[in-house]
Every structure is written in structure tokens, then in C-alpha cells.
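Biologist: Please show me how to read this model, one feature at a time. Give me the general idea before each case.

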Amino acid sequence: MFHAFRRPKVDQAKLEQALVQLGLDGSQHLIVHSSLKSFGHLEGGAGTVVRALKRHSATLMMPAFSYYSLVWPLEHHQRDWPHPPPSSSGHFDRFTRVSRDIGKVSQYMVEDMRHQRSKHPALSFVAWGQHSDMLLAHQSLQNPYGPIGALYDLNGYVLLLGVNHTSNTSMHYGEYLAGQVLLPRFVNLNEQIHQTLFPNCSAAFERAAPYLAKLGRTVSLERAKIQLFSVRDVIDTTLELVRQDPEFLICTHADCRCREVRRRVRLEGLHPRPHFTPLEGLRERELV
Ligand SMILES: [Zn+2]
């Protein structure tokens, strides 16, 4: 006799049960980062995740970044650009595919016409629900993570589905407020080249985990760990960590743009930025 290997199996009911355990009752505003693979076998894939999340949130937002839509104009060459820079048409539209590391759940959100997507060619967000319009209207080229600032004002939550803080985009908004160096990057918007600002990468963000652990809630679902944090805790903690050590969340890979962020923050220090109010943000509806 032998027993067949049991593949962990998660379905929508089990996933919803986990969301309820975390306290998600449908009234919360969420930014979600997820890895389908982390669940083992998830019945129904990305669609199951999105359906479950919609039943337990009032507003649902995810990054829908498409980094390959950046353009690299020679006349704006920066010292930290790759050699040679990748070729890119800079094309972006409502259905442009998300970058592979952003994941299949975000891609599923993008493919549904009923969801809204902001217009930043490289750093768009996709959203559904009560405050989706308002959140996305807070994005500008100079403040691409503005929707997370707006989620802070709504007292929203960060949900990490089988991923750790290296996927926790909201931490970038804490860096923004702390005044971390942002790097110039370029996008093609309405057939014109515009400058936007890019943060360091998030490879070192798990260093914040010990400081955030006591502030969040965690449940396990088969192989996956699901964590919930208030956006305010994530951003306030990040802000404090960067204030104490501006290099704490900057990765050490030799060929990462983080090297340029480190060089510049050592020279220039931090230049804290204000957290704008919802009213100010709405003026930036046209993105530039
Ligand atoms: Zn890096």
C-alpha cells in the first residue's frame, strides 16, 4: 500500500475563511500583493483570488506596473542607467501587460474592463470598488505612489498573500515621505517624453519585518502565509526606519539602481516631502 502524494489544495471557501480570520468583513480598503504559486494548488487560479477579495473588501487596489514601458532618451542619460539601455517603444494603454514579477492576480485585474487602471505608463495601479476613482486620481509622475498616500488617509490595509515585504509597495510611500532620493526615469505619455521619479528597489524591504511583525495579523493557508497590516503602520514604520538610517532599506546588489540612491543620499541626505491632502491630489488627475 502506498498513499498518493497529497497536493495542498486551496479553494475560494478556504481563502475566504482565512480573510474572515484576519478580520476582513467587506468594509476595508485594501492594497493586495500576491503570489499564486505560494498556495500550492489554488482552484480557479487568479480569478478565485479576485472574487474572494471582492467579497471581503470595499475597495481593492493592486500594483499593475509595466517597467518595460520606461523609455531611455539619450539626451536625458543618467549615470545609473543600464548599458546598453533596453529598447522600448514606451507604448502603454489600458490593457498593457503587467511585468512578470507583479504577478498573475494583478494581470487578471487588468484584463477585466470593469476595473480601473491609472495612466502612469510604468507604475500604474488597478483598482475596483468604493474609492477606486479617488485613489487612482492621486497618482502623478512626480508622486507615482500617491494612491498609497490616499489609502493612508482612508485608513486602508496592506494584504500580503503568500509574499513578504519585498513585495510591499506601500513602503515606498514611507520612503517618499522620509525624503529618500528618487531617481529620474522617463515615460512616453500622450506622445511626449516626460520625467517621472523612481524609488530604490524593494529587495531589502524584508529587513523591516521584525519591526512590522507585532503590528500585523497573520494566518496560514496550506503552504502560504497571509499577512495583514494597516497602511498607516507600514508607512509610519518605514518613515521611522529611513529617518534613523537612510540606507537601511537600500539593497546591496552591485548592479542595482540602489547603488546610485545610496551614493546620492550619502551626499545629499534626506529631503522630507509633505503628505498631500486628498484635495491637492485630485488636481493631479491628468497625471502631469
Ligand atoms: Zn536594489
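Modeller: Begin with the names: helices (H or I, at least four residues) and strands (E, at least two) are DSSP runs, numbered from the N terminus. Residues are numbered from 1 along each chain as its sequence is written. The model is predicted, so local features need pLDDT of at least 70 and side-chain atom pairs count only at pLDDT 80 or more, while totals for chains, interfaces and linings use all residues.

Biologist: Which residue takes a positive phi just after α5?

Modeller: Asn155 does, at about 60°.

Biologist: What are the buried residues of α3?

Modeller: In α3, residues 104–111, they are Val105, Ser106, Tyr108, Met109 and Val110. An α-helix has 3.6 residues a turn, so residues three or four places apart point the same way.

Biologist: Against which elements do the buried residues of α3 pack?

Modeller: Packing is read from contacts: two residues are in contact if their C-beta atoms, placed from the backbone, lie within 7 Å. By that rule the buried residues of α3 pack against β2 (29–34), α2 (45–55), β4 (59–63), β6 (116–117) and β7 (125–129).

Biologist: At what angle do the axes of α6 and α8 cross?

Modeller: Two packed helices are described by the angle between their axes and the distance between the axes. Axes are lines fitted to C-alpha atoms, for helices over the stretch in contact, and angles run from 0 to 180 degrees between N-to-C directions. Angles under 35 degrees count as roughly parallel, over 145 as roughly antiparallel, 65 to 115 as roughly perpendicular and the rest as oblique. Here the axes of α6 (residues 170–178) and α8 (residues 231–244) come within 8 Å and cross at roughly 45°. That angle makes α6 oblique to α8.

Biologist: Which residues of α6 and α8 make the contact?

Modeller: From α6 they are Ser170, Met171, Tyr173, Gly174, Glu175, Leu177 and Ala178, and from α8 they are Val231, Val234, Ile235, Thr238, Leu239, Val242 and Arg243. To sort them, Ala, Val, Leu, Ile, Met, Phe, Trp, Tyr, Cys and Pro count as nonpolar, Asp, Glu, Lys and Arg as charged, and the others, Gly among them, as polar. This contact of α6 with α8 has 9 nonpolar, 3 polar and 2 charged residues.

Biologist: Where do α5 and α8 meet?

Modeller: Ile148, Leu151 and Tyr152 in α5 meet Val231, Arg232 and Ile235 in α8. Their residues divide into 5 nonpolar, no polar and 1 charged. The axes of α5 and α8 come within 8 Å and cross at roughly 120°, and these helices are therefore oblique to each other.

Biologist: What is the order of the open sheet of 7 strands?

Modeller: Two strands pair if DSSP finds at least two bridges between them. The order is β6-β7-β4-β2-β8-β12-β11, with mixed pairing. The edge strands β6 and β11 (217–221) each pair on one side only. Inside the sheet, β2 joins β8 by 5 bridges and the two run parallel, with Val32 opposite Leu159 in β8. Strands β2 and β4 are also parallel, over 3 bridges, and Ile31 stands opposite Met61 in β4.

Biologist: Which residues of β2 are on one side and which on the other?

Modeller: In a regular strand the side chains alternate between the two faces of the sheet. In β2, His29, Ile31 and His33 are on one side and Leu30, Val32 and Ser34 on the other, all buried.

Biologist: Which helices lie across this sheet's strands?

Modeller: Helix α1 (residues 12–21) lies across β11 and β12 (224–230), at about 160° to β11. Helix α8 lies across β8 (157–161) and β12, at about 80° to β12.

Biologist: Which strands form the open sheet of 3 strands?

Modeller: The order is β5-β9-β10, with antiparallel pairing. Strand β9 (residues 183–189) is joined to β10 by 7 bridges, and Leu189 has Gln192 as its bridge partner in β10.

Biologist: Why does Ile250 count as buried?

Modeller: Because Ile250 has 26 C-beta neighbours inside 10 Å. The residue is in the loop between α8 and α9 (258–268). Leaving out residues up to four places away in sequence, Ile250 touches Asn200, Ala204, Cys258, Val261 and Arg262. Ile250 and Ser202 are 48 residues apart in sequence but 7.5 Å apart in space, C-alpha to C-alpha.

Conventions
Buried ≥ 20, exposed ≤ 12 C-beta atoms within 10 Å, placed from the backbone.
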